[in-house]
Amino acid sequence: MSISGSLQGVERRGLMFVLSSPSGAGKSTLARMLIERMPALSMSVSVTTRRMRPGEVDGADYHFIDKATFDAMVANGELLEHASVFDHHYGTPRKPVETALAGGQDVLFDIDWQGTQQLRETARGDVVSVFILPPSAADLERRLHTRAQDSAEVIRGRMNRASHELSHWAEYDYVVTNNQLDSAYSEVEFILKAERLRRERQTGLSAFVRELQKQLEP
Ligand code: 5GP
């Protein structure tokens, strides 16, 4: 996906910024903060077959769809990646991502390790992935309870899954431990800012530097 846009005057390629973690590690909060604070970044809104939780908004948190619609989207190639998590199906609609990248925007993904692997296979150079670790198992459990959106049984299931999800940490470019929200946020923001400055992403640099040289010559 070779996409260029404009940031601070120099054309650059959009990037796909992926955050993954076991549920309860604070990833959604970090994602929300990034969207609020970082320019030129939009959130990829996934489709899911799971039921809406209290407080969730259809079209903002997810597009809530049924299994038949999901299967049709898979069959029509409308999903950039898709996976089953906790017996439900999740996927990333292709169109909004391609539109955002084409407009020079970066896209933020809150997806699991299976989806991250698929994105890496299709757009390796454009994917920057960050794994968020909880500071401890007790902290993860506390957050799952505080969230209070799921039943005790669902929470137990999520704790069991967490260990499996953690085993994928080494497949990620960066790992951030969410000890303290503000410092974890700063670290994630640093990563995005640094990745935006990678030479190969700043596709307009040669022209810019050529122009600088022209002006500097006598
Ligand atoms: P939840 O049901 O708690 O919102 O999300 C459960 C898990 O599914 C989380 O780890 C989340 O990152 C992952 N997930 C959400 N959307 C997608 C998606 O579109 N693709 C993939 N592969 N995982 C997703």
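**Salt bridges, sheets and a cavity in a predicted model**

The side chains of Asp106 and Arg12 meet in a salt bridge, with 2.9 Å from N to O, a salt bridge being a side-chain nitrogen of Lys or Arg within 4 Å of a carboxyl oxygen of Asp or Glu. This pair links distant parts of the chain, since Asp106 lies in strand β9 (residues 106-110) and Arg12 in strand β2 (residues 10-12), 94 residues apart. The model is a predicted one, in which local features need pLDDT of at least 70 and side-chain atom pairs count only at pLDDT 80 or more, while totals for chains, interfaces and linings use all residues. Residues are numbered from 1 along each chain as its sequence is written, and side-chain values use heavy atoms, with hydrogens and water left out.

**Salt bridges**

- By the rule given above, the count comes to 16 salt bridges.
- Both Asp106 and Arg12 are buried, where buried means under 20% relative accessible area, exposed means over 50%, and partly exposed lies in between (1.4 Å probe, protein chains only).
- Glu56 forms a salt bridge with Arg53, the closest N and O atoms being 3.9 Å apart; Glu56 counts as buried because its relative accessibility is 14%, and Arg53 counts as buried because its relative accessibility is 12%.
- Glu200 and Arg198 also meet through their side chains in a salt bridge, at 3.8 Å from N to O, and salt bridges that share partners join Glu195, Arg198, Glu200 and Arg201 into one network.
- Glu200 is partly exposed, with a relative accessible area of 46%, and Arg198 is partly exposed, with a relative accessible area of 37%.

**The sheet of 5 strands**

- An open sheet of 5 strands has the order β4-β9-β3-β10-β11, with parallel pairing; two strands pair if DSSP finds at least two bridges between them, and helices (H or I, at least four residues) and strands (E, at least two) are DSSP runs numbered from the N terminus.
- Strands β4 (41-43) and β11 (174-177) stand at the edges, each with a single partner strand, so one side of each is left without a neighbour in the sheet.
- The twist averages 25° from one strand to the next, with axes taken as lines fitted to C-alpha atoms, for helices over the stretch in contact, and angles running from 0 to 180 degrees between N-to-C directions.
- Strand β3 (residues 16-20) runs parallel to strand β10 (residues 127-133), and 5 bridges join them; Ser20 stands opposite Phe131 in β10.
- Helix α1 (residues 27-37) packs on this sheet, touching β3, β4, β9 and β10, and its direction makes about 150° with that of β3; contact here means heavy atoms within 4.5 Å.

**The sheet of 4 strands**

- An open sheet of 4 strands has the order β6-β5-β8-β7, with mixed pairing.
- Its edges are formed by β6 (63-64) and β7 (79-85), each with a single partner strand, so one side of each is left without a neighbour in the sheet.
- Strand β5 (residues 47-48) pairs with β6 in the parallel sense over 2 bridges, and the bridge partner of Thr48 in β6 is Phe64.
- Helix α2 (residues 67-75) packs on this sheet, touching β5, β7 and β8 (88-93), and its direction makes about 135° with that of β7.

**Cavity**

- The structure holds 1 cavity of 30 Å³ or more, a cavity being a set of points on a 1 Å grid over the protein atoms alone where a 1.4 Å probe fits but cannot get out, with lining residues having an atom within 4 Å of a point.
- The largest cavity has a volume of about 40 Å³, with grid points joined across faces, edges and corners and the volume taken as the space filled by probe spheres set on the points.
- Its lining consists of Ser20, Ser21, Pro22, Asp112, Trp113, Phe131, Glu165 and Tyr172.

Conventions. 1 Å grid on protein atoms, 1.4 Å probe; cavity = no way out; pocket = protein on both sides within 12 Å on 5 of 7 lines; lining within 4 Å.
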